[in-house]
Amino acid sequence: DLDGGLSLRFEAPETWRIRQLGALKGLAPDEAKAELERVDHARTELRRSYARQDTDSQAFDLTVDCSSFSIDEVAALVLAVLRGRGLLRADGSSRA
């Protein structure tokens with residue numbers, strides 16, 4: 001946790017993530033699932049060792065289900081929260 005920061009978590013159901021990864025990287029569903037499991041494991045281990053925090057959604061200020069929004073909507077949501085917290089000016093520059 002950083003003072004004046006915002007902790008974000010982006011998640012989605014596994015089936016959606018497998019489809020997205022497969023489409024993005026041209027992988028068959030079983031290949032995409034294996035890659036997703038590998039990446040998820042690595043992320044969990046990194047978070048545990050680096051931040052020494054739990055990886056559940058309670059450790060975050062904002063958790064977004066990316067399967068419910070377009071990428072533009074997710075970006076607009078994050079920008080709105082940053083502006084609302086005074087971490088981002090209206091012109092897009094940070095206050096840091």
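Me: How many salt bridges does a search of the whole structure find?

Reply: This is a predicted model, and a search of the whole of it finds six salt bridges. Three of them can be read one after another, beginning with the pair formed by Glu-14 and Lys-33, whose side chains meet at 4.0 Å, N to O.

Me: Which parts does the pair of Glu-14 and Lys-33 tie together?

Reply: A salt bridge is judged by the distance from a side-chain nitrogen of Lys or Arg to a carboxyl oxygen of Asp or Glu, with a cut-off of 4 Å. Here the distance is 4.0 Å, and because Glu-14 lies in helix H1 (residues 14-25) while Lys-33 belongs to helix H2, the pair ties together parts that are 19 residues apart in sequence.

Me: Are Glu-14 and Lys-33 buried, partly exposed or exposed?

Reply: The class follows from relative accessible area, where under 20% is buried, over 50% is exposed, and what lies in between is partly exposed. Glu-14, at 41% relative accessibility, therefore counts as partly exposed, and Lys-33, at 35%, counts as partly exposed too.

Me: How far apart are the closest N and O atoms of Arg-17 and Asp-40, and which helices hold these residues?

Reply: Arg-17 forms a salt bridge with Asp-40 in which the closest N and O atoms are 2.6 Å apart. Since Arg-17 sits in helix H1 and Asp-40 in helix H2, this pair ties together parts that are 23 residues apart in sequence. Arg-17 has a relative accessibility of 22% and so counts as partly exposed, and Asp-40, with 25%, is likewise placed in the partly exposed class.

Me: Where is Glu-35 found, and what does its side chain make a polar contact with?

Reply: Glu-35 is found in helix H2, which covers residues 29-51, and its side chain makes a polar contact of 2.8 Å with the side chain of Arg-38.

Me: Which residues does Glu-35 touch, when those up to four places away in sequence are not counted?

Reply: With those sequence neighbours left out, Glu-35 touches Leu-21, Lys-25 and Leu-27.

Terms used
Residues are numbered from 1 along each chain as its sequence is written. This is a predicted model: local features need pLDDT of at least 70, side-chain atom pairs count only at pLDDT 80 or more; totals for chains, interfaces and linings use all residues. Side-chain values use heavy atoms; hydrogens and water are left out. Helices (H or I, at least four residues) and strands (E, at least two) are DSSP runs, numbered from the N terminus. A polar contact is a pair of N or O atoms within 3.5 Å; within protein, one must be able to donate a hydrogen and the other to accept it, and residues adjacent in sequence count only if both atoms are side-chain atoms. Contact means heavy atoms within 4.5 Å. Buried means under 20% relative accessible area, exposed over 50%, partly exposed in between (1.4 Å probe, protein chains only).
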